[in-house]
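Visitor: I'd like to go through this one residue by residue. Can we start with how you name things?

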Amino acid sequence: MLLAVSGGADSMALLYGAVESLEKTGWRLSVGHVHHGWRPKDGDRDLAFVADHARRLELPFFSRRTDARRAARELGLSPEAGARQVRYRALAEMAAEAGAAVVATAHQHEDAVESHVLARERQGGVAALAGPRESRADGIVRPLLSISRQEILQFLAERGIAFRRDASNGDLRLARNRVRRTLARLRESPGGEDSLRAMALEIARLGVERRLLESEFETRVLPAARIALDGVVIDATLLAGCSDELQRLALSRLAARFARPGKPPMTGREREQVLALLSGGADFRFEAGRRIRFERRRGEFSVRPRGPEPVYDSTGQISTGGKKREVGP
């Protein structure tokens with residue numbers, strides 16, 4: 001298992017919690033750190049801090065230096081999305097180098113709540129509203145999702161474990177930081193803790209619903225889809241006969257292979273427009289701002305990239321003339 005350790009409180013708890021569990025689990029651990037290039041000097045100190053803890057714990061240490069801002073510009077992403085792209089790519093590289101089948105990240109309970117609020121603002125479907133998954137098909141696991149920030153800080157304090165503080169967490173130009181500030185105010189307001197507990201219960205319920213929807217998508221929708229490099233085609237009546245939430249999931253999944261790296265295939269508003277057109281029963285053509293065309297014609301519903309633009313797949317590769325080459329940082 002490769003532990004993704006930034007040096008912050010959450011990831012230091014992940015590191016020391018995993019080490020304390022070794023006797024029971026028998027895991028073979030290594031430590032991975034990504035220097036995003038946002039704060040060069042502080043980033044160097046973060047890297048040295050994590051490397052020192054890995055050395056003290058006698059764990060193999062791996063690191064990557066990236067330029068998240070440049071990646072964001074090249075891919076047309078927000079700074080957060082650009083950092084996420086380079087981080088997961090770097091973690092995958094380090095996991096391969098370490099021979100690790102699993103990458104553990106330190107996302108905790110408050111991260112799940114923040115993701116839920118962001119998804120709500122962006123009109124996300126159940127898949128997004130349910131927040132981060134405890135495990136993903138690509139080997140990413142998040143063992144701290146049920147652990148609160150307060151519990152993490154208590155764990156570190158009891159053991160005298162230091163951690164680094166990221167100055168960018170106060171940058172309100174970043175959407176997640178704005179949400180974090182809003183939730184902090186809610187927590188301090190009368191009845192705020194009750195509201196947050198209710199939100200946590202809703203996230204748990206949505207997680208169950210997401211698993212059921214994904215199972216239904218795999219058994220009912222995906223087998224009926226004809227998938228090729230230049231498009232996906234499915235019976236329009238079959239898709240329109242699915243529940244609204246299953247249609248939302250299907251639209252996102254079927255179109256995802258044509259989305260640019262780090263970007264969803266359509267906005268929430270565009271997705272709802274396509275759903276409304278599907279339910280109408282008439283033929284239509286709709287082009288999303290992501291340069292993806294949704295069309296119903298002669299009983300078939302298709303999703304294709306618009307015009308001669310290159311086709312991206314979900315691994316961040318670009319297909320040109322039947323050949324693939326890597327894109328992005």
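Guide: Helices (H or I, at least four residues) and strands (E, at least two) are DSSP runs, numbered from the N terminus. This is a predicted model, where local features need pLDDT of at least 70, side-chain atom pairs count only at pLDDT 80 or more, and totals for chains, interfaces and linings use all residues. Residues are numbered from 1 along each chain as its sequence is written, and side-chain values use heavy atoms, with hydrogens and water left out.

Visitor: Where is Val102 placed?
Guide: Val102 is in the loop between helix H5 (79-98) and strand E4 (103-104).

Visitor: What does Val102 touch?
Guide: Leaving out residues up to four places away in sequence, Val102 touches Met1, Leu2, Gly139 and Val141. Contact means heavy atoms within 4.5 Å.

Visitor: New topic. Which loop holds Arg142?
Guide: The one between strand E5 (140-141) and helix H8 (149-159).

Visitor: What is the nearest side chain of opposite charge to Arg142?
Guide: Asp138, 7.2 Å away. Lys and Arg count as positive, Asp and Glu as negative, and His and the chain ends are not counted. Arg142 is buried yet has no salt bridge. Buried means under 20% relative accessible area (1.4 Å probe, protein chains only), and a salt bridge needs a side-chain nitrogen of Lys or Arg within 4 Å of a carboxyl oxygen of Asp or Glu.

Visitor: And which residues does Arg142 touch?
Guide: Not counting residues up to four places away in sequence, they are Tyr88, Thr105, His107, Pro132, Arg133, Glu134 and Arg136.

Visitor: How far apart are the C-alpha atoms of Val102 and Pro261?
Guide: They are separated by 22 Å, with the two residues 159 apart along the chain.

Key
Buried means under 20% relative accessible area, exposed over 50%, partly exposed in between (1.4 Å probe, protein chains only).
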